[in-house]
Amino acid sequence: MTQHHCRHCGAPLSHIFADLGFAPPSNAYRAPEDLNRPETTFPLRVRVCDQCFLVQTEDFTDAETLFSADYAYFSSTSKGWLAHAASYCAMVTDRFGLDGSSFVVELASNDGYLLKNFVAEQVHCLGIEPTARAAAAAEACGVPTLQRFFGKELGVSLAAEGGGADLIIGNNVYAHVPDINDFTSGIAALLKPQGVVTLEFPHLMRLVEFTQFDTIYHEHFSYLSLSTVAKIFARCGLRIFDVEELPTHGGSLRVFGCFAGADHATAASVNRILSEEISRGMQGINFYTGFQPRIEAQKNAALQFLLDLRKDGKTVAGYGAAAKGNTFLNYAGIKRDLLPFVCDAAPAKQGRLLPGSHIPIFSPDVLTETRPDYVVVLPWNIAAEVRFQLSDLVDTGTRVVTLMPEVKVH
Ligand SMILES: [Zn+2]
């Protein structure tokens, strides 16, 4: 068996956190004509380091193939995200006094949905986005964007070219980078001496608390606690001076970082959350190794619910062709017999098939035409938004349900 080592501290990884079998990359949507070609799957197994407690996917020999898939996600398709981004921009502009002389960099800036708020306020900004289509979409709406992966090398060269950044933003990217040490080094290289970095990522404490195993997928390399992020920051000379808990993705953290010697005073929230992590056992290996049996119980409950609907002759459709839905569907072995189709508002996904399960993706208009008895919202974190969008169907008897983190009718 291959010996795996921790991506942060290098210790051997001998403990399994979650084993979800084999799955294709969660964003590798397929065209119908691809079905007579083989589909590549990778083990979806997550380990935990018993030294620094970084929870991490196993390494693959060709991890880059995961990112060669035609990545179909555009942030701007979710109204909730747009509002989240706008309120974040207003908050940091006010708190850190950003103005026309400031330089803001966003890592994994997608289609510019966040930075366009700064462009509107004449704050100098730059997006770093590796995906060609998203980067082009950002440029098209006036957001300066560099189509690159971010790491130490790029951080050093950007700082040398244009001076350091007053603010570096990483929303839902920190958990997605393969080399988290190199990425953090890049942040330290690009940050001005009094600059601030904010990172948002799902909080591992909530993932375990609510058995959110469907947030595990290959492109999600790390599952992070505040204490582990503090260790990774410290290695690069950074410290966390504030942290907020957010409801996004079932419970996320927004950490505020700066250089160890910078003036930013440390808020009480940092020690409060570190203490809560300790009190829940996150500095002991049993916290992590006890997760797999809970995953299996949750999967069985969700599968039973769908089997019961099938037995009762109910019609079912899915909503939201998101990565987390694919983890869940593939691990549970759900195919078209239990979930005939999934609707998604993103035109780039319509007409394609979900990876692994090969469930077809249609426009949400199909829900209005077919009026199913149940609509299963796969990205359960936006269930309230979807229920509102489908209020016309709900009024005539359609039930909006989520299967994760528990079976729930909304
Ligand atoms: Zn480690």
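Predicted model: local features only at pLDDT ≥ 70, side-chain atom pairs only at ≥ 80, totals over all residues.

Modeller: Cysteine 9 has a relative accessibility of 38%, so it counts as partly exposed.

Colleague: And cysteine 49, buried or exposed?
Modeller: Buried, because its relative accessible area is 0%.

Colleague: Which residues are the protein donors of the zinc ion?
Modeller: Cys6, Cys9, Cys49 and Cys52. Each donates through its SG atom, lying 2.3 Å from the zinc ion.

Colleague: How are those donor residues spaced in sequence?
Modeller: The pattern is C-x2-C-x39-C-x2-C. Cysteine 9 and cysteine 49 link distant parts of the chain, 40 residues apart. Cysteine 9 sits in the segment before β1 (15-23). Cysteine 49 is in the loop between β2 (42-48) and β3 (55-57).

Colleague: What arrangement do the 4 donor atoms make around the zinc ion?
Modeller: Tetrahedral, because they subtend angles of 100 to 120°.
Colleague: What would the ideal angle be for four tetrahedral donors?
Modeller: It is 109.5 degrees.

Colleague: New topic. At what angle do helix α11 and helix α12 pack?
Modeller: About 85°, with their axes 10 Å apart. The two helices, α11 and α12, are therefore roughly perpendicular to each other. Helix α11 covers residues 291-311, and α12 covers residues 323-332.

Colleague: Which residues meet there?
Modeller: From α11, Gln292, Ile295, Glu296, Lys299, Ala302 and Leu303. From α12, Phe328, Tyr331 and Ala332.
Colleague: What classes are in that contact of α11 with α12?
Modeller: It has 6 nonpolar, 1 polar and 2 charged residues.

Notes:
Residues numbered from 1 in each chain as written. Heavy atoms only, no water. Donors = N, O, S within 2.8 Å, 3.2 Å for Na, K, Ca; no water. Tetrahedral: all angles 85-135°; square planar, octahedral: opposite > 155°, others 65-115°. Helix = DSSP H or I, 4+ residues; strand = E, 2+ residues; numbered from the N terminus. Buried < 20%, exposed > 50% of the residue type's maximum accessible area, 1.4 Å probe, protein only. Axes fitted to C-alpha atoms, helices over the stretch in contact; angles between N-to-C directions. Parallel < 35°, antiparallel > 145°, perpendicular 65-115°, else oblique. Contact = heavy atoms within 4.5 Å. Nonpolar A, V, L, I, M, F, W, Y, C, P; charged D, E, K, R; others polar.
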